[in-house]
Amino acid sequence: MGQKQFIPQEYDVFAGLDVDKKSISVTFSSHQQGFIRSLHMPYNVEQLLKHVRKNFAGQKVAFVYEVGPTGYGLYDGLAAQDYKCLVAAPSMIPRAPGQRVKTNRLDSRGLSENLR
């Protein structure tokens, strides 16, 4: 069974996730508002979903994170709750020429904006 193609216009909110073994940096954006907010939270799928359900009730949310050794549990937890979650290869994520500052918050924002 093939995966359904991702079509950004079908989603209201885009969540870029930068994950390490203890925490998640997440940035939310939308078609209408662009950047909404960034936050940092413990690595906990239920806490992330609680925030999404509280702040984006009734909206269709898509997630993306950069592939790494710490995100697979997150992917499984999101997929189990029927959320779309894409996994991006680091080499396929656009970066501005000369971009040297690399933080979890900036990475999550870039992922969110690129998914949107």
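User: What percentage of the 116 residues of the chain count as buried?

Analyst: This is a predicted model, and the figure is therefore a computed one that rests on the cut-off of under 20% relative accessible area for a buried residue. Applied to the 116 residues of the chain, that criterion gives a buried share of 39%.

User: In what order do the helices and strands of the chain run from the N terminus on?

Analyst: The secondary structure of the chain comes to three helices and five strands. Read from the N terminus on, these elements follow the order β-β-β-α-β-α-β-α.

User: Which strands stand at the edges of the open sheet?

Analyst: The five strands form an open sheet with mixed pairing, in the order 3-2-1-4-5, and the twist from one strand to the next averages 20°. Two of the strands have a single partner strand each, so that one side of each is left without a neighbour in the sheet; these edge strands are strand 3 (34–42) and strand 5 (84–88).

User: Which residue of strand 5 stands opposite Val64?

Analyst: Strand 4 (residues 61–66) and strand 5 run parallel and are joined by five bridges. Opposite Val64, the residue found in strand 5 is Leu86.

User: What angle does the direction of helix 1 make with that of strand 3?

Analyst: Helix 1 packs on the sheet, where it touches strand 1 (13–19), strand 2 (23–30), strand 3 and strand 4. Relative to the direction of strand 3, the direction of helix 1 makes an angle of about 145°.

User: Is His51 buried or exposed?

Analyst: His51 lies in helix 1, and, once its neighbours within four places in sequence are left aside, His51 is in contact with Phe28, Arg37, Leu39, Met41 and Phe56. The relative accessibility of His51 is 19%, and a residue counts as buried under 20%. His51 therefore counts as buried.

User: At roughly what angle do the axes of helix 1 and helix 2 cross?

Analyst: The axes of helix 1 (residues 45–55) and helix 2 (residues 72–80) come within 10 Å, and helix 1 passes helix 2 in a right-handed crossing. The two helices are oblique to each other, with their axes crossing at roughly 45°.

How values were computed
Residues are numbered from 1 along each chain as its sequence is written. This is a predicted model: local features need pLDDT of at least 70, side-chain atom pairs count only at pLDDT 80 or more; totals for chains, interfaces and linings use all residues. Side-chain values use heavy atoms; hydrogens and water are left out. Axes are lines fitted to C-alpha atoms, for helices over the stretch in contact, and angles run from 0 to 180 degrees between N-to-C directions. Helices (H or I, at least four residues) and strands (E, at least two) are DSSP runs, numbered from the N terminus. Angles under 35 degrees count as roughly parallel, over 145 as roughly antiparallel, 65 to 115 as roughly perpendicular and the rest as oblique. A crossing is left-handed if the near helix is turned anticlockwise from the far one by less than a right angle, and right-handed if clockwise. Two strands pair if DSSP finds at least two bridges between them. Contact means heavy atoms within 4.5 Å. Buried means under 20% relative accessible area, exposed over 50%, partly exposed in between (1.4 Å probe, protein chains only).
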